[in-house]
Amino acid sequence: MKVTLEAIKQRPMPQHIAIIMDGNGRWAKGKGMPRLAGHRVGVQALKSIIIAIDELGIQYLTVYAFSTENWKRPIDEVNGLMELMVEFIDKEIDYLHEKGVRVNPIGDISRLTGKTYDKIMFAQEKTKGNTHIVLNVALNYGGRQEIIRATKAICEEVVQNRLRVEDIDETVFSSYLYTNGQPDPDLLIRPSGELRVSNFLLWQIAYSEFWITNILWPDFSKEHLWQAIWEFQNRDRRYGGLGEKRS
Ligand code: IPE
Ligand code: IPE
Ligand code: MG
């Protein structure tokens, strides 16, 4: 069945969607092109998904752009990805700002190359007052790194007598994550068919619905997003309880 915008707009939208933008390399390989060409088309897919998210009125989008493990790749690919981020911001920052998108990097961006770091900081600063859409861009991001970072910050608060151990609960812990103040993703999308989370948002996806497709990220279109949302809207989220359909 072909899902229409009208159909999904009639039902509650996910508030927060997270996407593992995977499959660029395979897409390029399939076309006999260098991997970087796949990443380049992947950036265009991201732009079209941001437009679709805006159309749907969804407020939070988190995209996995570079993991703490992606440094294992050949230096040329890593540098190419860093360069693409600069190009993306140069090309799209005015559009994003106009649309009310807040560009919010998550991850240890201090390790990025100088030029990329500066550009990301510029984008963050320019858009920091925007409230229409929060675009979390996971850059040098790892879920385990994020949890350790939060744990260290909490320990420091305890050592400084600003926080009591007995007061640490899920709400307090969440507030030390990069996504502080944001709802957890309702829906996690992974293109390219891999059945794993690859160290993405380990804490936040505790109750996210997963939608996995064999489509490679450069081919991912708004129709795929609509399909994912439609299926999400037809799931029964039980959170360990009995849910609507069973009670
Ligand atoms: C995702 O595409 C982009 C990044 C990890 C930066 P890949 O480059 O992982 O593509 P595949 O998985 O090799 O096809
Ligand atoms: C996850 O994809 C990271 C990003 C999309 C940025 P990977 O391609 O790095 O994940 P694995 O290696 O297949 O688990
Ligand atoms: Mg991959």
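**Questions on a predicted model**

Visitor: In which strand is the place of Leu-135?
Guide: Helices (H or I, at least four residues) and strands (E, at least two) are DSSP runs, numbered from the N terminus. On that count, the place of Leu-135 is strand 4 (residues 133-141).

Visitor: What kind of model is this?
Guide: Residues are numbered from 1 along each chain as its sequence is written, while chains are lettered from A and ligands numbered from 1 in the order in which they are written. Side-chain values use heavy atoms, without hydrogens and water; local features need pLDDT of at least 70, side-chain atom pairs count only at pLDDT 80 or more, and totals for chains, interfaces and linings use all residues, for this is a predicted model.

Visitor: Is Leu-135 buried or exposed?
Guide: A residue is buried under 20% relative accessible area, exposed over 50% and partly exposed in between (1.4 Å probe, protein chains only). The relative accessible area of Leu-135 is 2%, so Leu-135 is buried.

Visitor: What separation do the C-alpha atoms of Leu-135 and Leu-46 have?
Guide: Along the chain, Leu-135 and Leu-46 are 89 residues apart. Their C-alpha atoms are separated by 11 Å.

Visitor: Which helix gives the most residues to the shell around ligand 1?
Guide: The residues counted around a ligand have a heavy atom within 4 Å of it. Helix 2 (24-30), helix 3 (35-56) and helix 4 (75-98) each supply at least two residues of the shell around ligand 1. With three residues, the helix that gives the most is helix 2.

Visitor: How much of the accessible area of ligand 1 does the protein cover?
Guide: Polar contacts are pairs of N or O atoms within 3.5 Å; within protein, one must be able to donate a hydrogen and the other to accept it, and residues adjacent in sequence count only if both atoms are side-chain atoms. Oxygen atoms of ligand 1 lie 2.9 Å from an N or O atom in the side chain of Asp-22 and 2.9 Å from a polar backbone atom of Gly-25. Of the 380 Å² that ligand 1 has on its own (Shrake-Rupley method, 1.4 Å probe), the protein covers 87%.

Visitor: Which residue has a polar side-chain atom 2.6 Å from an oxygen atom of ligand 2?
Guide: The side chain of Asp-22 has an N or O atom 3.2 Å from an oxygen atom of ligand 2. For a polar side-chain atom of Asn-70, the distance to an oxygen atom of ligand 2 is 2.9 Å. The value of 2.6 Å belongs to Ser-198.

Visitor: Which strand supplies the largest share of the shell around ligand 2?
Guide: The residues around ligand 2 include Tyr-64, Ala-65 and Phe-66. The largest share of this shell, three residues, comes from strand 2 (residues 60-67).

Visitor: Is Ser-208 buried or exposed?
Guide: Ser-208 lies in the loop between strand 5 (187-190) and strand 6 (209-212), and a polar atom of its side chain is 2.7 Å from the backbone oxygen of Pro-185. Because its relative accessible area is 10%, Ser-208 is buried.

Visitor: Is Asn-161 buried or exposed?
Guide: Asn-161 is in the loop between helix 6 (143-159) and helix 7 (170-174), with a positive phi of about 60° although it is not a glycine. Its relative accessibility is 72%, so Asn-161 counts as exposed.

Visitor: Is Leu-201 buried or exposed?
Guide: Leu-201, in the loop between strand 5 and strand 6, has a positive phi near 45°. Its relative accessibility is 1%, and therefore Leu-201 counts as buried.
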